[in-house]
Amino acid sequence: MNILLTGASGFVGSHLATRLVREGHFVLGVDNFCTGRAKNISELRTEPNFDFIEADASKPIFNNVRSNLKTKTTKFDWVMHLASPASPPKYFALPLETMLVNGEGTRHLLEFARESKASFFFSSTSEVYGDPSIHPQPESYWGNVNSIGVRSIYDEAKRYAEAMIYAYYRLYGQDVRLIRIFNTYGPKMDPEDGRVVTNLMFQALKNEPMTIYGDGKQTRSFQYVDDLVEGIIRLMKTDYVWPVNLGNPEEFTILEFAEAVKRLIPTESKIVFQSLPEDDPKQRKPDITLAKKLMGWEPQVKLEAGLKRTLEYFKTELA
Ligand SMILES: NC(=O)c1ccc[n+]([C@@H]2O[C@H](COP(=O)([O-])OP(=O)(O)OC[C@H]3O[C@@H](n4cnc5c(N)ncnc54)[C@H](O)[C@@H]3O)[C@@H](O)[C@H]2O)c1
């Protein structure tokens, strides 16, 4: 298949592109490197089945796509829209860009998919559930989001994108897939992304104080990136058009997670507590009943094993 993939040089996008190319598909990556890194796709760029355009996915990219291709492929089977800053420090720094790539970008790419008669795939987020009042969160939960809070630039942009996608589905019968990703980690994460996994692992590696926000009793689930990519590939093979949660339902408090990091990385770091950021969700855990039933999918990689693989990568980054 021919696949247009935005966000290809990002953490998730580069893993997905690699898997798709390995399976024999042609991938045209699009990225403007605003949070992604060129080195994530340096190996891919030598593959005959991978092509790349540096472009802003918030703007129409059709002409770019048509004139810049090595392969001159203009017929796509899938338009997969993953481009978006994804960690709070990154989207705080890029508020309008985050809203535009999920808002206008989604609309332009839906239009491109419709014109090309391609299926459309979107990476939404567990953030659409906000600070959830039910636990764990099934896809049917409507969420508890502060529309004017500091995180709304991301949460509401993703909710707007979801609404736009189902408008295209209802209006034009556009074929769509939509996943809500819960906290995912693994190699190729940007060490500077400010997420809990990178923060705590790098602080431990550098013997710096390990920062926990609040009392550390808030919970998170941590999904290894290979499990996410497997879920995406399986969903592409179904004809299910409604949102599907992809995340690891094993739940840890942030303190438990910090202890797991300390068991893995011999460190002199001490845990220090700082005040909780505004609108930080108290708990997050996916209900993955639907993904299990629909495609027999559930995460395979345990936290300790996933952290070990991630640590190997981070050590090379530090070196
Ligand atoms: N990693 C997670 O835990 C997680 C959780 C929920 C949702 N998601 C979603 O998954 C997707 C990928 O996230 P990630 O963790 O790989 O983040 P990332 O920042 O590593 O990757 C996002 C990529 O999109 C690119 N990008 C952003 N705006 C762009 C624009 N206007 N034009 C072109 N490229 C642009 C960035 O340069 C980057 O390469 C995002 O849509 C994110 O919202 C990720």
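Predicted model: local features only at pLDDT ≥ 70, side-chain atom pairs only at ≥ 80, totals over all residues.
The ligand is surrounded by 30 residues, the closest of which are Asp 31, Thr 35, Asp 56, Ala 57 and Tyr 154. By class, the residues of this shell divide into 13 that are nonpolar, 13 that are polar and four that are charged. Three elements, α1 (11–22), β5 (119–125) and α6 (152–172), each supply at least two residues of the shell, and the largest share, three residues, comes from β5. Of the 820 Å² of accessible area that the ligand has on its own, the protein covers 96%.

Helix α5 comprises 13 residues and spans 18 Å from its first C-alpha to its last, which is close to the 18 Å expected at 1.5 Å a residue. Its buried residues are Gly 105, Thr 106, His 108, Leu 109, Leu 110, Phe 112, Ala 113 and Ser 116. In an α-helix there are 3.6 residues a turn, so residues three or four places apart point the same way. The helix is followed by Lys 117, whose phi is positive, near 55 degrees.

Within α5, which runs over residues 104–116, Thr 106 may be considered in more detail. Thr 106 counts as buried because its relative accessibility is 0%, where the limit for a buried residue is under 20%. The side chain of Thr 106 reaches the backbone oxygen of Asn 102 at a distance of 2.5 Å. When neighbours within four places in sequence are left aside, Thr 106 is in contact with His 81, Val 101, Phe 120, Phe 122, Ala 161, Met 164 and Ile 165. Among these partners, Phe 120 and Phe 122 fall within the residue range of β5 (119–125), while Ala 161, Met 164 and Ile 165 fall within that of α6 (152–172).

Arg 180 is classed as buried because its relative accessible area is 7%. Two polar contacts made by the side chain of Arg 180 can be described: one joins it to the side chain of Tyr 129 at 2.9 Å, and another joins it to the side chain of Glu 162 at 2.8 Å. Beyond neighbours within four places in sequence, the residues in contact with Arg 180 are Ser 124, Thr 125, Ser 126, Val 128, Tyr 129, Glu 139, Glu 162, Pro 243, Val 244, Asn 245 and Leu 246. Of these, Glu 139 is 41 residues apart from Arg 180 in sequence, whereas the two are 8.3 Å apart in space, C-alpha to C-alpha.

Helix α8, formed by residues 225–236, has 12 residues and reaches 17 Å from its first C-alpha to its last, close to the 16 Å expected at 1.5 Å a residue. This helix is mostly covered, with nine of its 12 residues buried; the buried residues are Val 225, Asp 227, Leu 228, Val 229, Gly 231, Ile 232, Ile 233, Leu 235 and Met 236.

How values were computed
Residues numbered from 1 in each chain as written. Heavy atoms only, no water. Helix = DSSP H or I, 4+ residues; strand = E, 2+ residues; numbered from the N terminus. Buried < 20%, exposed > 50% of the residue type's maximum accessible area, 1.4 Å probe, protein only. Polar contact = N/O pair within 3.5 Å; in protein donor to acceptor, adjacent residues only side chain to side chain. Contact = heavy atoms within 4.5 Å. Near = heavy atom within 4 Å. Areas by Shrake-Rupley, 256 points an atom, 1.4 Å probe, with all protein chains shown as cover. Nonpolar A, V, L, I, M, F, W, Y, C, P; charged D, E, K, R; others polar. Expected span 1.5 Å × (residues − 1).
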